[in-house]
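Q: Can you walk me through this structure? I'd like to start with the big picture.

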Amino acid sequence: MGKLRKLFEPGRIGRMELKNRVVMAPMGTGRHGPEGELTDRLPEYYAARARGGVGLIICQSSIILWESRAPFRPCIYDDKFIPGFKMVADAIHEAGGKAAFQLVHHGRLLTDYQSLVSHPEDIKPIAPSALSRLLTKEAPSQSKEEVVLWVRGNIIPRQASVEDIRRITQGFAEAALRVKKAGFDAVEIHGGHGYLLSQFLSPLANRRTDEYGGSPANRARFVCEVLAATRQKVGPDFPIILRISGSDFLPGGISIEEVVQQVPLFEDAGADALDISASEQGSIDWQYPSFLFPQGALVPLAAAVKRVAKIPVIAVGKIYQPAFAEDIIKSGKADFIALGRALLADPQWPNKAREGRFDDIRPCVYCLNCFNITAHRSYVLAEGISCSVNPRLQHEKLFVSHPTTSPKKVMVVGAGPAGMEAARTLAERGHKVELYEQKDVLGGQWHIASQQAQKKEDYSRLLTYLKRGLEKAGVPVKMNTTVTKELVKNAKPDAVVVATGAVPSTLDIPGITGENVVQANDVILGKKKAGQSVVVVGGRYLGMEIADQLASEGKKVSLATRRELGRAVERNVYLTLRNRLVEKGVFLYPHSPAVEIKDNGLYIVFNNDLFFLPADTIVLAIGAKPEKELMEQIRNLAPEVYSIGDCVAPRDVMYAIREADEVARKI
Ligand SMILES: Cc1cc2nc3c(=O)[nH]c(=O)nc-3n(C[C@H](O)[C@H](O)[C@H](O)COP(=O)(O)O)c2cc1C
């Protein structure tokens, strides 16, 4: 059993026996048919996680009533959906796992999705009170769809009548029975994250004066009625898990102090376990804590519930180290831990943790690309969720590496994530691989990012994993070696994979060559120092992050960007970073191109006018340009030549690792 004794002890939820304390958190996959039916695209994804050794899989949320239908979720409002659900339950069981399905009603959040599904005009979103949802960010200017979503977020919902509450209560109970009929072992009621039930729990969203509003007990009444009606339908033996937000981190919103008062009510109403998450739509960054949050960011909420609960408690939220997970159980903070993104990155997390193979776990970097609908719209919509570090997510059956039948001599040039991933996979398949790196350090741009204050913890883990992969696969790495045309000619490889990455871009404006102008990367690496008063040029990830870092060091910081702030930044990361910049007093100048640099500052165009920002240092964080030179020189020097990652076009690591995997399976 290794050192993690507690984590791999059997556990129990109601009458359901579980082989260990590791639960898979519910995660929408985007993989279902147009009517919300589950199709054969989904079972293998869940089966792979069951084979990975997880004790219980809580499948993604599904919609309990037609009125709440939305495009990103499967449905269970009718018996016609049972066969699809059964396919998933069967696959999980065959793979040795146990399974629950989550149930949701969107309430006022339906406004977000309405433009994307055809609903008759008379369906108005329902909410405890006629209040629109909290908006999470200013109006975007990226795409028409997003603007539509944003505007619809302002629609005033209809206050639910007592008849509505009864109808929806029955809807939950009947949907739970369908989950049971489909062969699942348990059901989870979604009472968190700002959906209908959590709107009733929230003092901000629920302003009712009847028995469903006011005191914490009154606000919990609807949830309790749903639990009781579900219990009646599914019988005494079928476990019911309730997911709630232990806090929404909004002033005047759901607080852990109130939640602990409501716990006995949920228990009395029939809950068999409590799954303690966090957030509302206005604080959604707490739902999926990004690299900007510490490990176990939500565990204190579960621990507070555990102190008063008689039933098992599940802790969730950026739990990734097996030893950390073990400690949660051992120290009595929770009875189970749930893993979300860690299981997207590596379905074998539980088996590897149980066997003590901690370094073999492919680590989630908490970049939230799994969720980055904005930046990766095509991937997300075409293929469901995706993962930066695991290109085989949701392609579990299709994307398998086979040992090669004709081993080749392969040169991989550039040891960023793309080159490292390609070299390892090629070597594992039996090719004779050599990896070349011009610098004295592995990792390329990722190495620089992993030196950033905010990313160090999470990004370094990927580098450690990739380095270990090279060692295990026995790939020789030639450091400090610049690959030239001659070197390739002499080596006579059968294939070359060019992964030379990108270099930081600069601006073509007067003053750009001045001593007061530095690249953000050089500041991160400590090669250049920024003065006490700084203007950062660039408003994407790097610009926002370096501004945050410099402001944390006590400098006076302004940020100017020619586009909107946070363009292409994942929306949860954006929310956290923007709040941090505002809290630290960073002056923000969106839609303000830089036009001229002087010794003592920078001119920008702001509000159609020239505007001078005094500063000692101008820090450039304006993206990168591809290193294409080598590719152009050697494209005809070997039978097969490929280029992957940033040297094709600078994008994020998801593309680098995906392309590496594709090429490495092809050669
Ligand atoms: C892609 C994705 C989809 C999610 N969908 C749901 C969902 O349908 N229902 C839900 O309650 N939580 C959902 N979550 C939240 C997760 O269940 C989990 O609470 C969160 O990711 C934090 O856990 P982690 O840090 O281990 O990923 C989702 C998270 C992700 C990343």
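This is a predicted model: local features need pLDDT of at least 70, side-chain atom pairs count only at pLDDT 80 or more; totals for chains, interfaces and linings use all residues.

Q: Okay, how is the chain divided into domains?
A: Domain 1 covers 11-383. Domain 2 is made of 409-504 + 625-666. Domain 3 runs over 517-622.

Q: What distance separates the centres of domain 2 and domain 3?
A: Taken over C-alpha atoms, the centres are 31 Å apart.

Q: And how many residues are in contact there?
A: Six residues of domain 2 contact nine residues of domain 3. On the domain 2 side, three are nonpolar and three are polar, with no charged ones.

Q: Now Pro639. Where is it?
A: Pro639 sits in the loop between helix H21 (629-634) and strand E27 (640-643).

Q: Is Pro639 buried or exposed, and why?
A: Pro639 counts as exposed because it has 10 C-beta neighbours inside 10 Å. The cut-off for exposed is 12 or fewer.

Q: What does Pro639 touch, leaving out residues up to four places away in sequence?
A: Pro639 touches Asp494 and Ala495.

Q: And how far is Pro639 from Val496?
A: In sequence, Pro639 and Val496 are 143 residues apart. In space, they are 8.6 Å apart, C-alpha to C-alpha.

Definitions and conventions:
Residues are numbered from 1 along each chain as its sequence is written. Domain bounds come from an automatic or database domain assignment. Two residues are in contact if their C-beta atoms, placed from the backbone, lie within 7 Å. Ala, Val, Leu, Ile, Met, Phe, Trp, Tyr, Cys and Pro count as nonpolar, Asp, Glu, Lys and Arg as charged, and the others, Gly among them, as polar. Helices (H or I, at least four residues) and strands (E, at least two) are DSSP runs, numbered from the N terminus. A residue is buried if 20 or more other C-beta atoms lie within 10 Å of its own, exposed if 12 or fewer, and partly exposed in between; C-beta atoms are placed from the backbone.
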